[in-house]
Amino acid sequence: MKQLNDTFLRAARGEKTDYTPVWFMRQAGRSQPEYRKIKEKYSLFEITHQPELCAYVTRLPVEQYDVDAAILYKDIMSPLPSIGVDVEIKSGIGPVIDNPIRSAADVEKLGEIDPESDVPYVLDTIKLLTQEQLTVPLIGFAGAPFTMASYMIEGGPSKNYNKTKSFMYSEPKAWFALMDKLADMTITYGKAQIKAGASAFQIFDSWVGALNVQDYRTFIKPVMEKIFTELKEENVPLIMFGVGASHLAKEWHELPLDVVGLDWRLQINEARAMGISKTVMGNLDPAILLAPWEVIEERAKAILDQGMELPGYIFNLGHGVFPSVNPDTLKRLTAFVHEYSAK
Ligand SMILES: Cc1c2[nH]c(c1CCC(=O)O)Cc1[nH]c(c(CCC(=O)O)c1C)Cc1[nH]c(c(CCC(=O)O)c1C)Cc1[nH]c(c(C)c1CCC(=O)O)C2
């Protein structure tokens with residue numbers, strides 16, 4: 001087994017590190033030419049069903065950019081077929097579900113995931129990567145109940161989540177039943193990823209920022225509490241992330257998790273002033289990567305100056321890499337973060 005560079009894990013636990021670790025959300029694939037070539041032949045689901053190929057795609061950004069963590073190539077939608085939800089990822093649109101969940105009876109019908117028999121290829125990919133290939137930690141992940149439910153109820157991407165919210169407000173009993181089922185899926189699936197070798201776990205609640213704090217506390221926080229309490233048993237750092245959710249960062253800080261992910265809307269200093277003393281991850285606006293290098297460097301420096309004030313800091317973007325970003329920019333930025341923070 002190869003020697004593991006654990007800088008990312010140590011920062012996630014709030015320990016002092018020799019330099020600031022960095023990885024990029026949605027680093028796998030996207031702008032990389034090698035990946036685009038594979039995508040001409042295979043869909044996301046076809047890639048994830050082939051452990052050798054999926055491991056290669058997962059490794060590409062680590063090898064090319066020198067980032068401090070790998071994130072497993074798959075989608076938050078990947079476990080849904082296992083519980084009886086047919087999902088297709090349509091190019092240019094995103095996940096599409098033809099038979100959305102719209103009633104208590106629909107929720108009733110949802111099944112349970114058995115990772116060993118339903119997604120053995122995910123576990124095989126993790127084992128291949130962590131036992132033989134990677135020299136940095138592998139981040140496993142899942143979508144959070146609200147974000148998963150938003151796709152399941154809307155039937156695809158949404159701007160205002162009206163159908164989701166309407167279901168939540170009108171049928172609270174069915175809503176909580178749905179949250180419970182999705183929590184069970186996340187816990188079982190998450191534990192299996194960690195047992196297979198993932199050494200950190202991130203929950204993507206990308207769209208939960210659509211709720212205000214009061215509704216978050218009523219409809220979401222209890223289920224997140226359950227998920228993190230259960231995953232905590234596996235003893236790996238747990239990361240939370242959402243977009244446009246600065247008003248919820250304090251709520252996340254109160255959950256039994258290790259790392260609060262920030263998008264670009266709240267400065268790290270502001271988060272610290274709010275009492276977020278846990279490790280923070282973020283938070284360069286991904287659009288900055290489309291600007292000239294001087295602009296990128298200046299913004300990265302400003303973020304690092306704030307982040308590095310406390311040991312628990314992981315550099316990342318505030319959301320995923322855009323496909324139009326030049327891979328050389330990500331490589332240069334990684335090197336810059338490493339050099340600047342090692343001073
Ligand atoms: C909301 C969400 C989704 N997926 C994900 C989220 C949470 C993070 C976020 O907010 O961006 C998470 C995700 N999706 C994917 C990864 C892989 C690992 C990585 O981060 O590099 C991760 C971590 C691959 C993917 N997920 C998807 C692709 C494109 C695949 C294809 O074209 O077939 C990839 C590589 C498709 C997808 N999947 C999803 C959307 C909205 C889309 C379409 C838009 C897009 O391309 O980004 C749902």
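I began with the UniProt record, where an unreviewed entry lists residues 21–30 and 139–155 for "domain: Uroporphyrinogen decarboxylase (URO-D)". I kept in mind that the model I was reading is predicted. For residues 21–30 I found end C-alpha atoms 21 Å apart, with 0% helix and 0% strand in the span. For residues 139–155 the end C-alpha atoms lie 28 Å apart, and I noted that this span is 59% helix and 29% strand.

I counted 42 residues in its lining, and the closest to the pocket centre are Arg26, Arg30, Leu44, Asp75 and Ile89. Looking up which elements give two or more residues to this lining, I listed helix 2 (33–41), helix 3 (44–48), strand 2 (88–90), strand 3 (94–96) and helix 8 (145–154). Sorted by class, the lining of the largest pocket has 23 nonpolar, 11 polar and eight charged residues.

I then traced the sheet, an open one in which seven strands follow the order 1-4-5-6-7-8-9 with parallel pairing. Its edges are strand 1 (70–71) and strand 9 (313–317), each of which pairs on one side only. Within the sheet I looked at strand 5 (residues 200–204) and strand 6 (residues 238–241), which run parallel and are joined by four bridges. Here I saw that phenylalanine 204 stands opposite phenylalanine 241 in strand 6.

Is isoleucine 303 buried or exposed? I placed isoleucine 303 in helix 14 (residues 293–307), and because its relative accessibility is 12%, under the 20% limit, it counts as buried. Setting aside neighbours within four places in sequence, I recorded contacts of isoleucine 303 with Ile268, Gly282, Asn283, Leu284, Tyr313 and Phe315.

My last entry concerns threonine 329, which I located in helix 15 (residues 327–342). Why does threonine 329 count as buried? The reason is its relative accessibility of 16%, which falls under the 20% limit, so threonine 329 is classed as buried. Not counting residues up to four places away in sequence, I found that threonine 329 touches Leu289, Trp293 and Ile296.

How values were computed: Residues numbered from 1 in each chain as written. Predicted model: local features only at pLDDT ≥ 70, side-chain atom pairs only at ≥ 80, totals over all residues. Heavy atoms only, no water. Pairing = 2+ DSSP bridges. 1 Å grid on protein atoms, 1.4 Å probe; cavity = no way out; pocket = protein on both sides within 12 Å on 5 of 7 lines; lining within 4 Å. Nonpolar A, V, L, I, M, F, W, Y, C, P; charged D, E, K, R; others polar. Buried < 20%, exposed > 50% of the residue type's maximum accessible area, 1.4 Å probe, protein only. Contact = heavy atoms within 4.5 Å. UniProt positions renumbered as here; feature names shortened; annotations may be inferred.
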